[in-house]
Amino acid sequence: MRPMPSLTRSATVRTKLVAAMSAAIALVIALGLLSLHQLHAVNSVTRDMREVRLPQLEQLQLIKRLVSEHWLLAARRIQSGDFRHLAEIANGMQEVEKGLAAAERSYAAATVEGNGRALFSEFREHWTGYLGALRAGLDLLETGRTAIATEEFEARAAAAFNQATAVLDQLVASVKQKAQLAAARAEQLYRRAVATTLLQIVLVIACAGAATFWMTRRVTSPALRISAAMRSLIAGDDRMAIAAQPPRHDEIGTLIEAVAGHRDALVRSRDLAAAAELDRERLQAAMNNMSQGLCLYDGQHRLIVCNRRYLDMYGLSSAQVRPGTTLKQVIDLRYAAGSCPKMAPDQYLKWRESIGAARQASETVVELMNGRVFRIRHEPMPDGGWVATHEDVTDSIQHETMLRLLFDNNPVPMWVFDRETLGFLAVNDAAARHYGYTREQFLRMTVLDLRPEEEWEHVRAYVRTIDSSFHLRGLWRHLRADGSSIDVETYGKAIQYQGRTAVIIVLIDVTERLRAERRIAHSALHDSLTDLPNRTALDEHFRRVLDRGRDTGEAFAVLVIDLDRFKEINDLYGHSTGDEVLREVARRFRAACGDAFLARIGGDEFLAVASADAEGVEALVGRLEAALDRDVEAHGHLFQLGLSIGIARFPHDGVDATVLVANADAALYRAKHEGRGTTRYFTIAMDRQLRERRALERDLGAALSRGELLLDYQPQARADGTVVGFEALVRWRHPERGLIPPGEFIPIAEESGHIVAIGEWVLREAAREAAAWPNPLRLAVNVSAVQFRRGDLQRTVHGVLLETGLAPERLELEITEGVLIENVSRAAAVLRNLKALGVCIALDDFGTGYSSLSYLQSFPLDRIKIDRSFITGLGRREDSLALVRGVIGLAHGLGLPVLAEGVETEAQRALLAGEGCDEVQGFLIGRPAAIATFAALVGGRRPAAPQRRRAGGSAT
């Protein structure tokens, strides 16, 4: 029984369409009324903006400008000493006052709310006070008391003026805020009106589209489909879709069901007829798409069927080989085509018949006269016939032969071992040579014979996890025939070899590479001069002991150790002698520290971290002092050294590394201040030393204005000794303390921010000096990290170049690695801006900081300066030469010249020249001195120029 149709489905098309259009029109009218209301609101808000807010804002801006003009005229009147302009100023003030009065009246005439009226009254009160104070000052000025008039003006009038302008700013801000709120409201109302209008348009379009869609879908389209289906059925085409979705219960639905029933009957009869033909075609297509040849014979050795691949393999055609052809006829055709085995036809026929009579499956590999090799698989059938597949394996056999050649003759060690027994199945000559065994010895061994005995269980367990998808890659320790140990990287894959599950392995000996990596890792954590842990290693050690101390409460002590009068050794005997002394002292300190952690943190300063037990610390101090009881010998000289030690304890004197080291430094400063050669523990009383440091900081802030800073210059030369430029170095001669080393005041300048002004002064004075040299030599100036971060370096450099006339290409700015790594994107932008000026950029102290190779490509550098700590080891340490050689090769590979600092001997210069170093700098070329010392090199000096440029002095 048919279900009852719903009310909507049984209604007429006209009823449905009229109801839908009426609802749409009612909705459009409602939205139109809403739009009119919104547009009226927009007009109201806009009128308020135009007639109230904007005039108020315009008058307030005019009042503010007139007030400022009056203030400027009043200030000129008070400060002017030229009587010729007094009348002009007075007239100007009167004109401003008239304009101000008119503007005030206009503003007062506008509609002003309560808060605006109160603020305007407050402004008038302050402005009246300002005018009164101004008149009092002018009266005093008329009596000749200029100073008192000026003071009166700056005190009373300025205060009243500032209060008046502040109130004006509040008024302007208030009006702007109200205007912005009104504008936002108008924008909101406008958007709503636009949205409502757009909704009306969309609704009208939707209603029209819906009506059209409904008529097309429910009436026109079904009628057209029925007509087309009837024409197709008359023409014999029954593929047309007819059924209605969902089913209809009107006259059109009845007609559709009738036509669809007739069509379905025709389709069923056609499908049954085509099913058998389709099955036959599928079987034939499957056989013809096989990669193997296939043939099927019956019990009388007659061909039932064969595929296209079989005919192609043997050079036969479908016209020659048809169903019913006998095996002998097929063999004769093959011999005639030359695709026969290397045997007589009778012998081959007997062999094939014997296989069929054997009544069991078989597989045979046959080589044909034409050189092809086929694998034939025979499967007997119950009726005495058989089915056979023929596969061309010529390429695979050749491929296997080539793989064998590649395996045996490969220069890389390779082997194959059984997954179950771990015994070697194959090994190439390269593996036999590398491990020192013969091939025969290898094939009697297992994988375990090449591994340490303690790793055998791990190897067995690991091999048991191997399956057919296994891909091996790992780092292992192997043993050679002579017992030596090597590190190898292995790459392997599970394969089938001679019917066994095996693993093929490719081996790469990485022993030397790992040793080099360990050396590099050691260098990254150790000082290149003394081989003691460096600051990086110290930071890691601090993290460990601080974590342990916070978790367990274990205390420890930090000892900062400084050699007394070590600077004298460098100054009198050179840095190479000083470095030799540091190496010997480090060796003795290392022996004295025992289990305590010892690091070199810079120059002649060391740091030890030890147990905080009082007796243990005292014993360690005693051992350190005893280590220097004997004189230190270096380059034929004997030096008697002492040491000063500052000690801070965790947690008593600090709970983080920065505080502990700072307090230990304060204790060291006290020890040196009390006569050197002593040890002091940090105490609260040592804050006085910090106050002295702050006093030095204050003196440094005034050093520029007092003319206490001066410049020295150190020459830079090519590798052959030809001077090509100078580096400007700042010095500070304190009026009470004398010459203060740069290593002492530069850190203070950087911490306090004075370095920005000092750096700008150095840049300007050095550029002015270099611009006067007849010989256009290069000028190198150091840029502090603080100056790079905080100062407007590009503007400063540009201004100095314009002021001094120095050619940009002669100026080279030296920056350190730390500057680049702090903020990579900002550093790159600053350097690009500097390069746009035409100056050169040099990377100073390369190798002592972060030493990241990535920024050598990321930043626009023109030169790399190798730090002197690497140069001092040349000729004595292989790693120093390797590092220098690596830096030079890397820089030249990137197209960057290299300058080596700290060159003190001719042997060092010659070695650097032989390695391709471009330029050198150091005591061998020249010590830092006043520019007058190098007058001959720069081509003479200006007659009026002093020997040294001092800060605060006049430029001549």
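Is Asp547 buried, exposed or partly exposed? The answer is partly exposed, because the relative accessible area of Asp547 comes to 43%, where buried means under 20%, exposed over 50% and partly exposed in between (1.4 Å probe, protein chains only). The model is a predicted one, so local features need pLDDT of at least 70 and side-chain atom pairs count only at pLDDT 80 or more, while totals for chains, interfaces and linings use all residues. Residues are numbered from 1 along each chain as its sequence is written, and side-chain values use heavy atoms, with hydrogens and water left out.

Asp547 has a charged partner. Arg550 forms a salt bridge with Asp547, and the closest N and O atoms are 3.5 Å apart; the term covers a side-chain nitrogen of Lys or Arg within 4 Å of a carboxyl oxygen of Asp or Glu. Arg550 and Asp547 are separated by about one helical turn because they sit three residues apart in helix 15 (residues 535-552). Helices here are DSSP runs of H or I with at least four residues, strands are runs of E with at least two, and both are numbered from the N terminus. Arg550 is partly exposed as well, at 48% relative accessible area.

A second pair is found in helix 17. Arg583 and Glu580 meet through their side chains in a salt bridge of 2.9 Å, N to O. These two are also about one helical turn apart, because three residues separate them in helix 17 (residues 575-593). Arg583 counts as buried, at 15% relative accessibility, whereas Glu580 is partly exposed, at 23%.

The next pair joins sequence neighbours. Glu420 and Arg419 form a salt bridge with their closest N and O atoms 3.1 Å apart. Glu420 counts as exposed, at 59% relative accessibility, and Arg419 is partly exposed, with 23%. Elsewhere, a network of salt bridges links Glu760, Arg764, Glu765, Arg768 and Glu803. The count of salt bridges under this rule comes to 44. Side chains of opposite charge can pair when their charged atoms come close.

Turning to nonpolar groups, Met21, Ile25, Ile29, Leu33 and Leu36 make a surface patch of about 500 Å². Patches are built from residues with over 30% relative accessible area and no salt bridge, joining like charges within 9 Å and nonpolar side chains (Val, Leu, Ile, Met, Phe, Trp, Tyr) within 5 Å. The areas come from the Shrake-Rupley method with a 1.4 Å probe, and for residues only the protein chains shown count as cover. Leu33, one of the patch residues, lies in helix 2 (residues 13-79) and counts as exposed at 57% relative accessibility.

Inside the structure, a search of the whole model finds four cavities of 30 Å³ or more. A cavity is a set of points, on a 1 Å grid over the protein atoms alone, where a 1.4 Å probe fits but cannot get out, and lining residues have an atom within 4 Å of a point. Grid points are joined across faces, edges and corners, and the volume is the space filled by probe spheres set on the points. The second largest cavity has a volume of about 70 Å³. Its lining includes Cys295, Tyr310, Arg334, Arg352, Trp386 and His390. Helix 8 gives the most to this lining, with four residues, and strand 1 (293-297), helix 8 (327-337), helix 9 (345-357) and strand 5 (386-392) each supply at least two. By class, the lining has eight nonpolar, one polar and two charged residues; Ala, Val, Leu, Ile, Met, Phe, Trp, Tyr, Cys and Pro count as nonpolar, Asp, Glu, Lys and Arg as charged, and the others, Gly among them, as polar.

Some backbone details also stand out. Phe650 and Pro651 are joined by a cis peptide bond with omega about 0°, and Pro651 lies in the loop between strand 16 (643-650) and helix 19 (657-673). Leu422 has a positive phi near 65° without being a glycine; Leu422 is placed in the loop between strand 6 (414-418) and strand 7 (424-427) and counts as buried at 6% relative accessibility. His635, likewise not a glycine, has a positive phi of about 55°. The loop holding His635 runs between strand 14 (632-634) and strand 15 (637-639), and His635 counts as partly exposed at 43%.

Note on methods
1 Å grid on protein atoms, 1.4 Å probe; cavity = no way out; pocket = protein on both sides within 12 Å on 5 of 7 lines; lining within 4 Å.
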